[in-house]
Amino acid sequence: MAKSKNHTSHNQNKKAHRNGIKRPKKFRKLSMKGMDRKMLRNMKFAKKGNVHNKGKTGKYEVAAKQAKAQVP
């Protein structure tokens, strides 16, 4: 008895391109909905202490400005 065919990719490429193969949507920010509340709270405090997020008024930037002002 002959073996039966297990798989074929016939017509699959045509079906895929019929409506176009689209790239995945790029989201600016992931939703925090449904995430662990304890982790989100910790992340909030971690962001608050991050030097990168302090902007121009962070204590490190102020110290750097003062140091530049003192050097002639």
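## Confidence along the chain

In this predicted model, confidence (pLDDT, given by the predictor for each residue on a scale from 0 to 100) is lowest in helix H3, residues 59–70, at a mean of 73, and highest in H1, at 95. For the protein as a whole the mean pLDDT is 84, and 83% of the residues reach 70 or more. Where pLDDT is low, the predicted coordinates should not be read in detail.

Residues are numbered from 1 along each chain as its sequence is written, and side-chain values use heavy atoms, with hydrogens and water left out. As this is a predicted model, local features need pLDDT of at least 70 and side-chain atom pairs count only at pLDDT 80 or more, while totals for chains, interfaces and linings use all residues.

## Overall make-up

The protein has three helices and zero strands, and from the N terminus on its elements run α-α-α. Helices (H or I, at least four residues) and strands (E, at least two) are taken as DSSP runs and numbered from the N terminus.

Of the 72 residues in the protein, 3% are buried, where buried means under 20% relative accessible area, exposed over 50% and partly exposed in between, with a 1.4 Å probe and protein chains only. The accessible surface comes to about 8,200 Å², and 55% of that surface belongs to carbon and sulfur atoms; the areas come from the Shrake-Rupley method with a 1.4 Å probe, and for residues only the protein chains shown count as cover.

H2 is hardly covered, since the count of buried residues among its 12 is one.

Leu40 lies in helix H2 and is buried, with a relative accessible area of 12%. Leaving aside neighbours within four places in sequence, Leu40 is in contact (heavy atoms within 4.5 Å) with Met32 and Met35.

## A charge over a ring

The charged end of Lys44 sits over the ring of Phe45, 5.2 Å from the ring centre; the rule asks for NZ of Lys or CZ of Arg within 6 Å of the ring centre and within 35 degrees of the ring normal.

## Asn11 before helix H1

Asn11 is found in the segment before helix H1 (12–18), and has a positive phi of about 75° although it is not a glycine. Most residues other than glycine have a negative phi. Asn11 is partly exposed, with a relative accessible area of 38%.
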